[in-house]
Amino acid sequence: MTECPVCGEEVTKLAGVFFLEAPGDIVVDGIRVHFTRQQFEVVKLLWERHPRDVSLDSLVYHLWPHDREPVRPENQVRVIVCQARRRLKVTRLMIRYATG
């Protein structure tokens, strides 16, 4: 754990990006961005596994490991990723889709 330079909270720091677990925020280059719990989990997982690709199945399992999955979990993941991508536009981070 380390201290966030913006808010002073104890945070997880991964390659220059600060992850504030409790509120579901990340801080990139001094810019604080708030996410829903699921958006935060997706962004953190993708950042931890970067530059490796993360499969759609892995994201589904990560978001709903013990819960009942929604009727169309793949669609839900796509919506969550799209929302997170929009929130990240104010930072240097981006989420890309890999096909194949």
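Guide: Let us begin with a term: a contact means heavy atoms within 4.5 Å. The model shown is predicted, so local features need pLDDT of at least 70 and side-chain atom pairs count only at pLDDT 80 or more, while totals for chains, interfaces and linings use all residues. Residues are numbered from 1 along each chain as its sequence is written, and side-chain values use heavy atoms, with hydrogens and water left out.

Visitor: Which residues does F35 touch, not counting residues up to four places away in sequence?

Guide: On that count, F35 touches P23, G24, D25, I26, F40, V43, A84, R87 and L88.

Visitor: How many helices and strands does the chain have?

Guide: Helices (H or I, at least four residues) and strands (E, at least two) are DSSP runs, numbered from the N terminus. Here there are three helices and five strands, in the order β-β-β-β-β-α-α-α from the N terminus on.

Visitor: Which residues have the most contacts inside the largest nonpolar core?

Guide: A nonpolar core is a set of buried Ala, Val, Leu, Ile, Met, Phe, Trp, Tyr and Cys residues joined through side-chain atoms within 4.5 Å. Buried means under 20% relative accessible area, exposed over 50%, and partly exposed in between, with a 1.4 Å probe and protein chains only. The largest core has 22 residues, and I26, F35, V43, V77 and L88 have the most contacts inside it. Two or more residues come from each of β3 (17–20), β4 (25–28), α1 (37–49), α2 (56–63) and α3 (73–88). The largest share, five residues, belongs to α3. Of the 100 residues in the chain, 33% are buried.

Visitor: Where is G30 found?

Guide: G30 lies in the loop between β4 and β5 (31–34). Its relative accessible area is 48%, so G30 is partly exposed. The C-alpha atoms of G30 and T91 are separated by 9.3 Å, although these residues are 61 residues apart along the chain.

Visitor: How are two packed helices described?

Guide: They are described by the angle between their axes and the distance between the axes. Axes are lines fitted to C-alpha atoms, for helices over the stretch in contact, and angles run from 0 to 180 degrees between N-to-C directions. The axes of α1 and α2 come within 10 Å and cross at roughly 130°. This makes α1 oblique to α2; angles under 35 degrees count as roughly parallel, over 145 as roughly antiparallel, 65 to 115 as roughly perpendicular and the rest as oblique.

Visitor: Which residues of α1 and α2 meet?

Guide: R37, Q38, E41, V42, L45, L46 and R49 in α1 meet S58, L59, H62 and L63 in α2.
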